[in-house]
Amino acid sequence: MAAPTDEVNRYFPHSMAVVTGNERGLFIDGEQTEAASGEVRELIEPATGEPLGRAAMAGEADVDRAVAAARAALDGPWGRTPPNERARLLQALADAIAANRGELAEIESRNVGKAISSVKAEIGGAVENFRFFASVVGSIAGRSNPVGGSLLTYSLKEPVGVCAQIVPWNYPLLMATWKLSPALAAGCSVVLKPDPQTPLSVLRIAELATEVGFPAGAINIVPGDGPSTGSYLVKHPGVDKVAFTGSTKTGGEIMRLCSDPIKRVTLELGGKSPNLVFADADLDDAIPSSVWSIYYAAGQSCEARSRVLVEASIYDDFVSRFAGSVGNLKVGDPLDPETQIGSLISTAHRDRVHGYVERGREEGAEVVAGGAPGDGKGAFYMPTVLAGVRNDMVVAQEEIFGPVVAAIPFEDEADAIRIANDVRYGLFATVWTGDPARGHRVARAIKAGMVGINTPYTAFPGIPFGGYKQSGFGRELSIDTLDLYLETKGVLLSTGAKPSNPFRL
Ligand code: NAD
């Protein structure tokens, strides 16, 4: 793997080769620690197939220890940290992430195989998440309701308690920061389980958090397998709330596990998001933006616009121009700043993606770009366009989670809305039209948690992010997210004046 170029170093002056040969422990109670079982797993660099480093894997005893540390932090120094100090710590962590962005970018790019140009944007997003939630800490407040008579009543907002947070491999750093920032802003403590393939960046963030002053136990990181360590964490009686990002299938299992003992749960799940292009759209903007919307992060995004719905009158022209620009995308070394598409997470996942493309061919779709793995040992897959797709085909209904788009024609606005909604997911939709009124009509008719009109972009601190239908429930990134980490307690106080007994009223 080539070293970062001068260009990367110009933007990331702290960049250094930190990953290779690195061995990482779990992060519990403010420090790196070995797993009780001693298990250490080798991590593979997806773009090269070579060993990248080694990471400890948590088991049940480690989860017990992490939950106990999180509880002790709540009962101790972290629980006593006032809101203004929590805000200061969140800002300090944002500063530390920004100061260490070169190191973090290289870790993430090499661990996930993702283009460093994408990772740079994600680290910027992570910094802004912490700044946003630092800025809204002061909004956490109860209220006093006049009920008349002798009663003084008021409500208190209190942290939910110990939160289990589980994140996937596609955005290990960004998803962890989406989860950590509101929980910490609300005053909760966290036990976060990253995917066992991609634990490196969040372990580093936990270290930075300790360096800037977060008390021990406020943040604990326990990489480990989902069905064993993850489910043990979810079921743990010491956990008060579970926040999960991952597949719809696992989300269903998490919800079930949260029923005994009962605990609060929020789920950010999969998607099969539509990108609707009407004939009156500005195609010079819509085409490159639609290309970005699917191939960003090599299509391994929950909100990837993996179905391009195009008005029939411009379908052939759109597909040919879209496929033409796909041929110009630069696929390759994730650490090259010019690379637009890095590798997929693993060769096993690449083969799964290819299986879907083959399935599309069998169902009658035409492969007009890509359709094959990339060269070399890495888990590369060429950006792929499937044309002539019907919405009832498997490639239009199932989340492929790779650089594969299904191009589907529609007749008119009603047909476009019907097709857009005819999937089990409802995470995101983008609408391209020259008619603002149509943009608003379609946005209201689509059953999705988020809709973009004439812009491909999706996630900004302050804008609620989350799904309808099988894409889950709960919102991230917004001031509403705080409520998911807060309990509301009503307090009634008799001021002594009579009558105060309701049975005598
Ligand atoms: P996954 O569901 O297999 O795994 C996600 C996480 O859950 C991992 O940390 C895994 O170890 C853990 N896990 C697996 N089984 C578990 C169990 N039984 N109990 C507890 N934890 C368990 O998903 P994935 O393949 O790693 O991630 C890709 C999926 O995530 C896609 O479906 C994608 O759309 C979704 N995703 C959604 C969002 C969103 O915000 N809506 C964001 C990113 C990714």
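Some ground rules. This is a predicted model: local features need pLDDT of at least 70, side-chain atom pairs count only at pLDDT 80 or more, and totals for chains, interfaces and linings use all residues. Residues are numbered from 1 along each chain as its sequence is written, and side-chain values use heavy atoms, with hydrogens and water left out.

Strand S7 covers residues 162-166. Helices (H or I, at least four residues) and strands (E, at least two) are DSSP runs, numbered from the N terminus. Five of the five residues in S7 are buried. Buried means under 20% relative accessible area, exposed over 50%, partly exposed in between, with a 1.4 Å probe and protein chains only. Val162, Ala164 and Ile166 lie on one side, Cys163 and Gln165 on the other, and both faces are covered.

Now the neighbours. Strands pair if DSSP finds at least two bridges between them. S7 pairs with S8, residues 189-193, in the parallel sense, over five bridges. Cys163 sits opposite Val190 there.

Gln165 has Ala243 as its bridge partner in S10.

Last, strand S6, residues 151-159. Leu152 is found in S6. Why is Leu152 counted as partly exposed? Because its relative accessibility is 36%.
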